[in-house]
Structure formats: structure tokens, C-alpha cells
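Have the structure open while you read.

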Amino acid sequence: MKKVFQSAFVLFALTSAAIAQEKAKGIIYEDLNNNGKKERKEKVLSNVLVSNGVDVVATDKNGAYELTVSNDNPIFVIKPSGYQFALDTFNLPKFYYLHKPQGSPASKYPGVKPTGKLPKTLDFGLVPAAEADQFTAFAFGDPQAYNKAEIDYFIAGIVKDIDKSKAVFGISLGDLVGDDLVLHPDYKNAIKQIGLPWYNVMGNHDMNYDAKIDEHSDETYEANFGPNNFSFNYGKVHFIILDNILYPDPRDSKSYWGGLREDQLKFIENDLKHVPKDHLVVLSFHIPLEDNNSEWFRVADRERLFDLLKDFPNTLSMSAHTHIQQQIFYGKDKGWKQGKAHHEYNVGTTSGDWYSGEMNAQGVPSSTMRDGTPKGYAMIHFDGNKYKIDYKVAGKSQDYQINVFAPKEVIKAEKSRHSVYANVFMGVPTDEVLFSINDGEWKKMKFTEEGDPHYESTFYKWDVSEKAMRGRRPSKSVKSTHLWSAKVPTNLPVGTHKVKVKATDMY
């Protein structure tokens with residue numbers, strides 16, 4: 001009897017949910033004067049995509065759309081190329097409406113306030129904009145400030161280093177702050193200073209950790225930034241922004257796990273139906289898709305994602321989270337369905353090694369990452385459906401792309417125990433890296449899987465100094481994925497010698 005009663009109750013709940021569904025309706029129009037109101041002279045826009053986070057529909061010839069919504073749905077426009085959204089005071093695009101009649105569940109950090117009854121019409125204006133097929137976007141990994149002092153480090157070390165003329169918009173790839181969600185407005189005020197449209201990804205340190213189900217882990221994030229799953233177009237590039245963190249971890253209801261819910265995968269499927277196959281699809285999320293022996297990311301979700309991308313020959317993924325920089329390639333052994341491997345760029349972080357280390361010339365912690373990559377940010381250069389990536393070290397000139405580590409002084413010996421190291425920040429193991437001594441013959445360096453010795457030499461300062469070092473002690477080094485070495489030649493005469501290194505990367 002007990003089982004029968006429970007089954008009847010579940011059926012009742014599902015029936016009630018179906019009754020609670022409503023229709024969101026509206027029009028999409030060309031907002032020529034950018035005032036957020038449809039004027040008589042402003043035309044409606046057909047074939048513009050609108051979504052409720054799962055379904056994707058196109059506006060008809062009258063610019064109208066209709067979507068089914070429940071009591072917790074975003075309604076958002078998928079920006080077409082050649083248009084821009086109006087921006088709020090923080091330069092965040094205004095492309096959505098959050099439908100939460102009862103508001104967010106009670107939580108330590110406030111979420112979305114009750115939105116009440118669904119408006120009779122939800123209209124969105126798009127501003128015409130000249131968008132070239134060649135453009136550049138900034139990509140930030142983990143600003144992750146845990147307090148206002150670290151927000152100031154982010155501003156002084158990264159925001160003030162930005163030349164906004166170099167790009168048309170930016171994306172932050174999660175961990176916008178470090179657990180204290182009260183800092184989200186401070187982060188937004190920092191990003192505002194860059195002066196460009198900015199898109200954001202939710203990270204594991206941006207979540208409501210008192211949430212009971214994954215769907216409620218983003219309530220404060222939604223209140224501050226809007227939907228955490230959406231897409232937009234620029235030129236011949238289709239960008240998909242995803243929350244790929246499952247919380248609580250479905251394996252043990254503790255911590256979190258990389259993965260995607262069924263509704264997210266359905267949104268991606270429905271979204272991609274409208275993307276031309278010859279366009280470039282760029283996915284932006286926080287946790288890398290690498291499974292790390294099935295502990296890092298749920299493999300089944302990655303395989304389903306790859307199934308959805310199998311007919312798109314031009315793809316790129318961008319992630320952060322690791323506080324190192326690496327290029328990851330997924331072949332058929334990892335479930336990729338095409339001959340050419342899928343490239344994931346795991347971007348170096350703007351917080352580096354969590355704002356650790358000695359103060360630098362910018363007056364902020366040097367915060368070199370554990371693989372020897374200095375903290376900084378990326379510039380993704382798009383040309384049609386192709387891309388190239390540059391990494392910009394904060395506080396340095398753009399041409400600083402390799403760090404060379406060599407012994408200061410050695411004893412001349414028959415057998416060398418000393419090496420020259422080159423950390424090529426954007427490198428992959430197959431790159432060609434050469435060195436020369438005193439402008440002599442160029443010789444190949446060996447790809448080396450070990451910790452960066454320059455980083456390790458700074459790490460141990462905190463242990464060998466006779467006086468206590470100020471600042472946060474750096475983290476222990478990890479094997480770098482972009483380090484090369486060569487033995488110091490033994491046939492050099494006594495004296496001072498010059499080492500040069502050059503590298504050709506994947507671009």
C-alpha cells in the first residue's frame with residue numbers, strides 16, 4: 001500500500017507542474033535609438049532565436065515568438081551576427097528575463113527576488129552593429145578574489161593592463177570570486193572599467209553551497225549575471241556558454257563534479273540545429289572536459305557533447321579552473337567523432353597562483369602559476385571559422401612568450417650536470433624549440449616533463465629565507481606541459497656566454 005501511495009503522489013506532482021506551465025510571448029525588434037522601446041519606425045526582426053534554456057524557437061515574419069515556461073525559467077535571445085544587445089551599467093549584455101514568480105529558494109546569499117506574474121509581452125530590442133569576420137576577444141581564467149584586497153589586485157594587475165582597442169568583447173571563464181558571493185558586484189565594477197561588453201561563466205566558487213539540488217546552485221549567480229547557459233553569435237563564430245559543474249556531486253552528495261544535466265544537453269542539441277555547419281563553434285565553461293581517470297569530469301556527458309558536435313568540423317573549447325595553462329586534445333580514444341582532434345584551451349588565470357608570491361612592479365603579487373606560466377589573459381583572434389590564440393603576461397610586453405632559465409655560473413667540467421630550460425607559455429609537446437649559444441648553431445631542445453625550475457627556485461624562498469617572507473607562499477609546482485631543456489655544452493671556454501631560444505608554436 002505504501003508504494004502505491006507514493007506512486008500516486010508523484011503522478012499528482014507531475015500533473016500540477018504541467019498545469020503551472022505558461023506561454024511567454026513577445027517580439028524582437030531593431031532598436032535603432034537604443035532606448036529599449038519599440039518605436040513605430042523600428043522594424044521587427046524575423047528568424048531571431050529565443051530560448052527558455054532548453055527549447056529554441058525562431059521569430060516569425062512579425063518578429064514574434066512563443067515559448068513554454070515553468071516557474072523557474074530564463075527567457076533569452078540568442079544574439080545574431082550583425083547586432084548587439086544594450087548593455088547595463090556594468091557593460092553586461094541585457095539579453096534575458098528571469099521568470100521566477102516565487103523568487104529563489106532561501107539561501108545564505110540572496111538570489112532572484114520574486115518576479116511575479118509573467119508579463120503579457122516580453123519584447124527584446126537588438127541594436128544594429130557592424131561586425132567583421134575578423135575580430136578578437138579577451139578570455140580570462142579565474143579572477144577568484146576572496147576579499148576586497150584581491151579585487152584591488154585584480155584591477156591593478158589585470159584590468160589596468162588591458163588595452164580595450166585590442167578586442168571587441170571579453171569572457172571570464174568562471175570563479176569570478178572566491179566563495180564570498182557578496183563580492184560579485186565588486187567584480188562587476190572591476191570588469192566595468194575595461195569598457196567592453198562582457199560575458200561570464202559560472203565557476204565552482206560562484207555557487208550557492210547550501211543548495212540542495214544542482215538547479216539551485218546558481219541562484220545568486222543568476223541574480224547578479226543572468227542565465228548561466230546561453231549562446232550568441234559574432235561574425236562566423238557561434239559561442240555557447242555553459243555551467244558544467246554538478247553540485248552536489250551526484251556520487252556522494254558532497255563537493256562537486258564536472259558534468260552536464262540533461263536539460264543543458266538538450267539546449268545544446270536544439271541550439272546547434274540553427275548553426276551553419278561551416279561556422280566555428282566555441283564552447284566556454286569552467287572545468288576542463290578531461291576525465292582524469294573519471295574523477296574530474298563525467299565521461300558520459302563529454303561523450304554526449306561530442307556526439308552533438310560530430311558534424312561541426314570547426315570547434316574550440318575554452319576552460320579555466322586548474323590555475324595552470326595547457327592545450328588539451330581529444331581524439332577518438334576520448335570519444336571525439338572526427339579525424340582531427342578537438343582542441344580545448346585551458347586558459348591561464350588572471351589570479352595566477354591565487355594571488356601568491358612576492359610583490360611585482362605592478363604592486364600586486366607576482367602569482368606565477370604552478371607550471372611556470374606567469375599570470376595573465378588570452379586574446380583569441382578569429383578569422384571566419386579559424387582562430388589563433390595569444391597569451392598576454394600581465395605587466396609585460398606582448399612579445400614576452402618564453403621564460404628562459406639557465407645557471408648563473410658553473411665550473412667547467414668534462415660532463416655537464418647543468419641545463420638550460422625554456423618555458424614556452426602557449427606550447428605543446430610537438431612544437432619545435434631551439435637554442436643557440438653565442439649566436440651559434442641552432443639546436444633542438446628536448447621536451448621535458450617536470451616542474452619548472454625557475455618557479456621552484458622562487459617557491460623555496462619561503463623556506464630558506466633567514467627572515468619571514470611577506471605574502472602568500474606559492475603552491476607546490478606541477479609538471480609543466482610546455483617545458484623544454486638542453487644540457488649546457490662542456491666545450492665552452494671560461495667566460496660569459498649568451499643563450500638564445502626560439503620556438504614555433506601550433507599557430
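## One edge of a sheet

Let's start with strand 18 and strand 19 (residues 342-346), which pair in the antiparallel sense over five bridges. Within that pairing, isoleucine 328 has glutamate 344 of strand 19 as its bridge partner. Keep in mind throughout that this is a predicted model.

Zoom out and you'll find an open sheet of six strands, in the order 12-13-16-17-19-18, with mixed pairing. Strand 12 (230-234) and strand 18 (326-330) sit at the edges with a single partner strand each, so one side of each has no neighbour in the sheet. From one strand to the next, the twist averages 20 degrees. Helix 5 packs on this sheet, where it touches strand 12, strand 13 (237-241) and strand 16 (280-284). The direction of helix 5 makes about 165 degrees with that of strand 13.

## Helix 5 meets helix 6

Which residues in helix 5 and helix 6 meet? From helix 5 it's Glu262, Leu265, Ile268, Glu269 and Leu272, and from helix 6 it's Asp301, Arg304, Leu305 and Leu308. Sorted by class, the contact has five nonpolar, no polar and four charged residues.

## Strand 1 and its two partners

Now over to strand 1. Strands of a sheet pair through backbone hydrogen bonds, and they can do so either parallel or antiparallel. Strand 1 (residues 22-30) runs antiparallel to strand 4 (residues 64-69), and six bridges join the two. Here lysine 25 stands opposite glutamate 66 in strand 4.

With strand 8 (residues 124-128), strand 1 runs parallel, joined by three bridges. In that case isoleucine 28 has phenylalanine 124 of strand 8 as its bridge partner.

## Helix 2 and its cap

Which residues of helix 2 (residues 148-157) are buried? The list is Glu150, Ile151, Phe154, Ile155 and Gly157. What covers them includes strand 9 (134-140) and helix 3 (184-192).

At its N-terminal end, helix 2 is capped by asparagine 147. A side-chain oxygen of asparagine 147 lies 3.2 Å from the backbone nitrogen of alanine 149.

## Backbone spots worth a look

You'll find asparagine 34 in the loop between strand 1 and strand 2 (49-51). Is asparagine 91 buried or exposed? With a relative accessible area of 15%, asparagine 91 is buried, whereas asparagine 34 is partly exposed at 42%.

Finally, where does the chain have a cis peptide bond? Look at the step from tyrosine 247 to proline 248, where omega is near -5 degrees. Proline 248 lies in the loop between strand 14 (245-246) and strand 15 (257-258).

Note on methods. Residues are numbered from 1 along each chain as its sequence is written. This is a predicted model: local features need pLDDT of at least 70, side-chain atom pairs count only at pLDDT 80 or more; totals for chains, interfaces and linings use all residues. Side-chain values use heavy atoms; hydrogens and water are left out. Buried means under 20% relative accessible area, exposed over 50%, partly exposed in between (1.4 Å probe, protein chains only). Helices (H or I, at least four residues) and strands (E, at least two) are DSSP runs, numbered from the N terminus. Contact means heavy atoms within 4.5 Å. A polar contact is a pair of N or O atoms within 3.5 Å; within protein, one must be able to donate a hydrogen and the other to accept it, and residues adjacent in sequence count only if both atoms are side-chain atoms. Ala, Val, Leu, Ile, Met, Phe, Trp, Tyr, Cys and Pro count as nonpolar, Asp, Glu, Lys and Arg as charged, and the others, Gly among them, as polar. Two strands pair if DSSP finds at least two bridges between them. Axes are lines fitted to C-alpha atoms, for helices over the stretch in contact, and angles run from 0 to 180 degrees between N-to-C directions.
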